[in-house]
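Work through the exercises below with the coordinates open. Try each task before reading its solution.

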Amino acid sequence: DIGVSEPGSTPIGHSLQLTGTGTAYGDFSWLPPDVSTFGTLNNGQSLGGTPDPEPDNYPTNFLAMAMTIHIELTWTDATGGQLPSAYLVLASDQDNITPPVDGTAVTDDTDLSDGGGALNILYGDEICTFYNLAGETQYFFEIYPYTNAGSNIDYKTDGTPPATNATTRAIINQNNFESGDFGTWTTYSVASDKDWQVLDFGGALNTTWFAQMNGYQENEPSNDWLISPALDLDSYSNEEMLFYTQWRYGDTPDELTLKYSTDYTGGDPTIASWTEITFNKPAADQTWESSDILDLSGITGSSVYVAFQYLSSGNPRRWSVDEIVITGDATVPVLAVTSPAGGETWEQGSAHDITWTASNTLPNVMIELTTDASSGNPTWTTLASSIPASQGSWTWNISPTQPTSNDCQIRISDMAADV
């Protein structure tokens, strides 16, 4: 017992702090959580004594494996007289990684939307993962062992550091609920006064939002569905699905199931045929657990739906779902607008992200707007003439003088307008 603990309300990215000056544990005191300082000294911490020299050797067997849009890295720990205390794993979407500099600690950066990222991993772990990367993108990685921390940090950078790379899969559909709504997915309640919700008190992979269904105090046994949009699986091969679930309360693990249908057309899902897909579920409550990668390659069709069905028992559990991603290898050019999805109200003077998925297209796309979509001969205005297709998102800052209409549509095409 160190005399201090982290409450359940501790914000993500905060940790207990060991503060003081000295060379032995007794010289320091624990303080409540503050912003974490992985790879550097804690707040108010000063270490005496002689710093360790840099590690003798690099780790070996440094490998990268793409899992949908996540990339897992593994290695075998370095050996030698001077072992590392930890490793710095650097990531980039370009083959141009710059080695770290002694005396300058690199903090964790898990957001690779700017092209680069970093993770500090303790000696002995031999594994790390970069999550939610761009689809169909090659990422490059290098690993640097180091000793000490803060201004004494000492990286091994001589010779040739271990390097590897991997390419993420094409995104067929993705939903992390971080928009605060169901996005392209829909819900349908067949029975009970309870419904799926999108909540914001801690999703999987250190995110905020997630979907949840809870039959507690239901007026009758719940039969509630969370349904994907139509998926064109005929345009892909080697399709896979990955997501995370969590549960609490109740005593029945089978209330939440995953199913797919090739004859669902909308509305009441019980009038369609559905086939169950088994997935890995958490063994313990209040723990986000990966479904494991689910093979969808045996499912064909240009309008396939997948759905989570919550069918409650007498003592219902609360089930949460998050970080859904369906990927594959595109066999034809595919370009689809994912936001706006239809029905939104975007006002003059506001800003909104236009998002899309692109596979097997030319490098750049053009974004256009029409205000008379149903006229039969719509007029298109260019909003952005050349955006990298792999970017997947562009922010439209709507002019205060933008003409208004209730018949708007966004069109995205690659630069040859072949999709």
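The exercises cover sheets, cores and strand faces in this predicted model.

**Exercise 1.** Give the strand order of the five-stranded open sheet and find its edges.

Solution. 
- Step 1: Follow the pairing. The order is E13-E16-E22-E18-E19, and the pairing is antiparallel.
- Step 2: Look for strands that pair on one side only. These are E13 (186–191) and E19 (275–277).
- Step 3: Check the twist. From one strand to the next, it averages 30°.
- Step 4: Examine one pair. E18 (residues 256–261) is joined to E19 by three bridges, in the antiparallel sense. Tyr260 has Thr275 of E19 as its bridge partner.

**Exercise 2.** Describe the largest nonpolar core and say which elements supply it.

Solution. 
- Step 1: Take the membership. The core holds 34 residues.
- Step 2: Pick out the residues that touch the most other members. They are Trp196, Leu226, Met241, Phe243, Leu258, Phe308 and Ile324.
- Step 3: Assign elements. Two or more residues each come from E12 (170–175), E15 (210–214), E17 (236–248), E18, E22 (305–311) and E23 (318–330). The most come from E23, which gives five.
- Step 4: Separate the other core. Another core, of 18 residues, lies apart from this one and includes Leu73, Trp75, Ala78 and Val89.

**Exercise 3.** List the contacts of Phe243, leaving out residues up to four places away in sequence.

Solution. 
- Step 1: Apply the contact cut-off, heavy atoms within 4.5 Å.
- Step 2: Read off the partners. Phe243 touches Leu258, Phe279, Glu289, Ser290, Ser291, Leu294, Phe308, Asp322, Glu323 and Ile324.
- Step 3: Compare with Exercise 2. Leu258, Phe308 and Ile324 are also among the core residues that touch the most other members.

**Exercise 4.** Why is one side of E27 and of E29 left without a neighbour in the sheet?

Solution. 
- Step 1: Three strands form an open sheet in the order E27-E26-E29, with antiparallel pairing.
- Step 2: Count partners. E27 (381–388) and E29 (409–414) are edge strands with a single partner each, so one side of each has no neighbour in the sheet.
- Step 3: Ignoring direction, neighbouring strands here are turned by 20° against each other on average.
- Step 4: Inspect a pairing. E26 (residues 364–370) and E27 run antiparallel and are joined by five bridges. Val365 is bridged to Ile387 in E27.

**Exercise 5.** Which residues of E28 lie on its covered face, and which on its uncovered face?

Solution. 
- Step 1: Recall the rule. Side chains in a regular strand alternate between the two faces of the sheet.
- Step 2: Sort residues 393–397. Trp394 and Trp396 make up the covered face; Ser393, Thr395 and Asn397 make up the uncovered one.
- Step 3: Find the partner strand. E25 (residues 351–359) runs antiparallel to E28, with five bridges between them. His352 has Trp396 as its bridge partner in E28.

Note on methods: Residues are numbered from 1 along each chain as its sequence is written. This is a predicted model: local features need pLDDT of at least 70, side-chain atom pairs count only at pLDDT 80 or more; totals for chains, interfaces and linings use all residues. Side-chain values use heavy atoms; hydrogens and water are left out. Two strands pair if DSSP finds at least two bridges between them. Helices (H or I, at least four residues) and strands (E, at least two) are DSSP runs, numbered from the N terminus. Axes are lines fitted to C-alpha atoms, for helices over the stretch in contact, and angles run from 0 to 180 degrees between N-to-C directions. A nonpolar core is a set of buried Ala, Val, Leu, Ile, Met, Phe, Trp, Tyr and Cys residues joined through side-chain atoms within 4.5 Å. Buried means under 20% relative accessible area, exposed over 50%, partly exposed in between (1.4 Å probe, protein chains only).
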